[in-house]
Amino acid sequence: MGTFMNKKALLAAAALAAAGCDNKETNPIPPPEPVNDNVALQSFSGSNACADLEQYLEDTAVLQMRTQLEAQRDGVPSWGWWGGPWGWGLAEDSAAPNAAAGGAQTPAPRDYTTTNNQVAGVDEADFVKNDGTRIFALSANKLYLVKSWPAEDMSLQGGLQIEGWPQEMFIDGTDKAVVFSTVYRQYPMSQQFGVACDSLDCGYYYSNTVKVTEVDVSNPQNLRVTKETYLPGYYQSARKIGSSVRLVLSNDFNFPQGFKWSPDWQEGLWNDPIRLRAAYNTIIAQNEALIRQQTLANWVPAAVVRQGGLETKVQHPCNDFARVNAPTRLGQVSVVTLDLSGGTLTRSSILAEPGEIYASQDNLYVATQHWWWWPAPGQRDTTYVHKFDITNPSKALYRASGVVDGHILDQL
């Protein structure tokens, strides 16, 4: 690792030196790679897994930074100009008509309305849940429990404050609720400063972490937090099969503090092409030096678990990351598995911008787009689809990938 760090220091120094050598343009951008019809995910493994992961992140970050800034410098249209619309969002996957009957004691109802699940055997997270005799609801930043049977005895039983901005939840048997909320935490690479705000907009835009709160609901008048897990990223969707919760997170790729996407304003700079080009070359070199100076812990912050009065950092193992063997813009899509019966947490992460997500009872699919980093005629939108086996209750396992033309609009 010492040799690797020395190499990083040399690369950073070389990048800074380039800024002072008459603004010479070094490290030209390679031509964009073609679509890979044999697409697959490649995990980072072996004794050098962490060093290889950091090297990939930094090399790809430099390429992404250089292509964007050099396109601005040279007046080149941004990626996607040739290929038509390229924006896509992370949609929720399908999940399950789970016509659960049981659990209710006679004369309680034997059937009741569930969440609008779409795939049999897969429970879909929602902000309201019920089990025939109790209704759970998230409102503002609280979890409420209402007795719903017998109907004439309907009444509010208890409530619990949830940190952050609650999104959705599950109930697990009669004793547990699992609530997903978004919160803000300070990370070394975060470009956000955090705002103390309770409004919907602030809760959405200033959160960078998903909090999983496990609640003991066995005593309706005394709802009690038993475990709290903080996961870097943004909540997309969640599904529950048996005791296993599959939580899909996305995460932007955050660049270091001090990073610049354009030259600082100077009198007359934008009317002087030679000075403007030199200014772009300077910040390109400075940005690369900042990128090369970072550590893997900065690029990939740890999760945090609070339980029994103790707070524990849970690092994301390097061999649980995978890259696409085709060009994709940096980002992160994680399939987080919470085994409620065993108390374990695992993550399978793809280093790519997120696309659509779909899940059946046995498999989960993640779509990512091909990245044309320098525009040219003939480029076309292409989507890579990656399949994970989720029959294992404690981990999502990668199985295969495929390629299709175009970009996916939604789960249908």
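Student: Which residues does N392 touch, not counting residues up to four places away in sequence?

Tutor: Keep in mind that this is a predicted model. In it, N392 touches R246 and L397 once those sequence neighbours are set aside. As for its place, N392 lies in the loop between β20 (382-389) and β21 (397-405).

Student: Is N392 buried, exposed or partly exposed?

Tutor: You read that from relative accessibility: under 20% is buried, over 50% is exposed, and partly exposed is in between. N392 has 27%, so it counts as partly exposed. Its side chain also reaches the backbone nitrogen of S394, at 2.9 Å. And have a look at D362: along the chain it is 30 residues apart from N392, while the C-alpha atoms of the two are separated by 8.9 Å.

Student: What about T229, buried or exposed?

Tutor: T229 counts as buried because its relative accessibility is 2%. You'll find T229 in strand β10 (residues 224-232). Leaving aside neighbours within four places in sequence, T229 is in contact with V210, K211, V212, V304, V305 and L345.

Student: Let's turn to helices. How many residues does α2 have, and what span does it reach?

Tutor: The general idea first: an α-helix has 3.6 residues a turn, so residues three or four places apart point the same way. Here, helix α2 (residues 49-74) has 26 residues and reaches 37 Å from its first C-alpha to its last. That is close to the 38 Å expected at 1.5 Å a residue. After α2 comes G75, whose phi is positive, near 70°.

Student: How many of the residues of α2 are buried?

Tutor: The count is 20 of 26, so α2 is mostly covered.

Student: And which residues have the most contacts inside the largest nonpolar core?

Tutor: In soluble globular proteins, nonpolar side chains tend to be buried together. The largest nonpolar core here has 27 residues, and those with the most contacts inside it are F44, L53, L57, F253, I291, W299 and L351. At least two residues of this core come from each of α2, α4 (273-293) and α5 (296-299). The most comes from α2, which gives eight residues. There is also a second, separate core of 23 residues, and V119, V333, V335 and A396 are included in it.

Student: Which residues does L57 touch, not counting residues up to four places away in sequence?

Tutor: L57 touches F253, L296, W299, V300, L330 and L351.

Student: How many aromatic pairs does a search of the whole structure find?

Tutor: It finds 12. A pair of aromatic rings is described by the distance of the centres and the angle of the planes. Take F253 and F255: their pair is edge-to-face, with 5.1 Å centre to centre and 80° between the planes. Both F253 and F255 are buried.

Student: Last topic: in what order do the seven strands of the open sheet come?

Tutor: Follow β1-β15-β17-β16-β12-β11-β2, with mixed pairing. At the edges stand β1 (41-43) and β2 (123-124), each with a single partner strand, so one side of each is left without a neighbour in the sheet.

Student: How many bridges join β16 to β17?

Tutor: Seven bridges join strand β16 (residues 332-339) to strand β17 (residues 344-350), and the two run antiparallel. To see them facing each other, find S334, which stands opposite S349 in β17.

Key
Residues numbered from 1 in each chain as written. Heavy atoms only, no water. Helix = DSSP H or I, 4+ residues; strand = E, 2+ residues; numbered from the N terminus. Expected span 1.5 Å × (residues − 1). Buried < 20%, exposed > 50% of the residue type's maximum accessible area, 1.4 Å probe, protein only. Contact = heavy atoms within 4.5 Å. Polar contact = N/O pair within 3.5 Å; in protein donor to acceptor, adjacent residues only side chain to side chain. Core = buried A, V, L, I, M, F, W, Y, C linked by side-chain atoms within 4.5 Å. Pairing = 2+ DSSP bridges. Phe/Tyr/Trp six-rings, centres within 6.5 Å; stacked < 30°, edge-to-face > 60°.
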